[in-house]
Each structure stands twice: as structure tokens, then as C-alpha cells.
Amino acid sequence: MRVLGIDPGLRALGWGVIDVAGSRLSHVANGVCRSAGADLAARLLSLHSQLSDIVARFAPDAAA
């Protein structure tokens, strides 16, 4: 199973992806999405776009 972990934030959103096989965990990728724009709507749109790309690239089975 592939799991995407998210540490939410409006200016910086942390994320990490791990693979789980029984009791074994293995790191796949991690990073930070930084928001662009001055108003809240622009920041949320920027984070949504970046996180959508991450979901498409890594195809997680679950998120937390």
C-alpha cells in the first residue's frame, strides 16, 4: 500500500510518501508545496494544483 502523509499549512504544506508492506515501511518521496499569491484564494489554488500533481505522480492508496 502507498500512503501520502500531509502536514497542512497555508504558506508551506509538507508531504511525504511511503510504501507499506506488512510491517516494513520504505520512503518513496517527500517535499514542501509553497503557496503563491497574496490572498487566501490564490494560495489555496496554488497548493491544490501542486498537491494534485503529487497525487497524480505517486498514486497513493491512502492519505493521512
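**Nonpolar core and surface of the predicted model**

Leaving aside neighbours within four places in sequence, W15 is in contact (heavy atoms within 4.5 Å) with L4, G5, A29, N30, G31, V32, C33, I54 and F58. The structure is a predicted model, in which local features need pLDDT of at least 70, side-chain atom pairs count only at pLDDT 80 or more, and totals for chains, interfaces and linings use all residues. Residues are numbered from 1 along each chain as its sequence is written, and side-chain values use heavy atoms, with hydrogens and water left out.

W15 belongs to the largest nonpolar core, which has 10 residues: L4, L13, W15, V17, A29, C33, L47, L51, I54 and F58. Such a core is a set of buried Ala, Val, Leu, Ile, Met, Phe, Trp, Tyr and Cys residues joined through side-chain atoms within 4.5 Å; buried means under 20% relative accessible area, exposed over 50%, and partly exposed in between (1.4 Å probe, protein chains only). Two or more residues of this core come from each of β2 (12–21), β3 (24–34) and α1 (40–58), elements taken as DSSP runs numbered from the N terminus (helices H or I, at least four residues; strands E, at least two). Helix α1 gives the largest share, four residues.

Strand β2 also holds V20, which is partly exposed, with a relative accessible area of 26%. Not counting residues up to four places away in sequence, V20 touches M1, V3 and L25. The C-alpha atoms of V20 and A62 are separated by 11 Å, the two residues being 42 apart along the chain.

In helix α1 lies L40, which counts as partly exposed at 44% relative accessibility.
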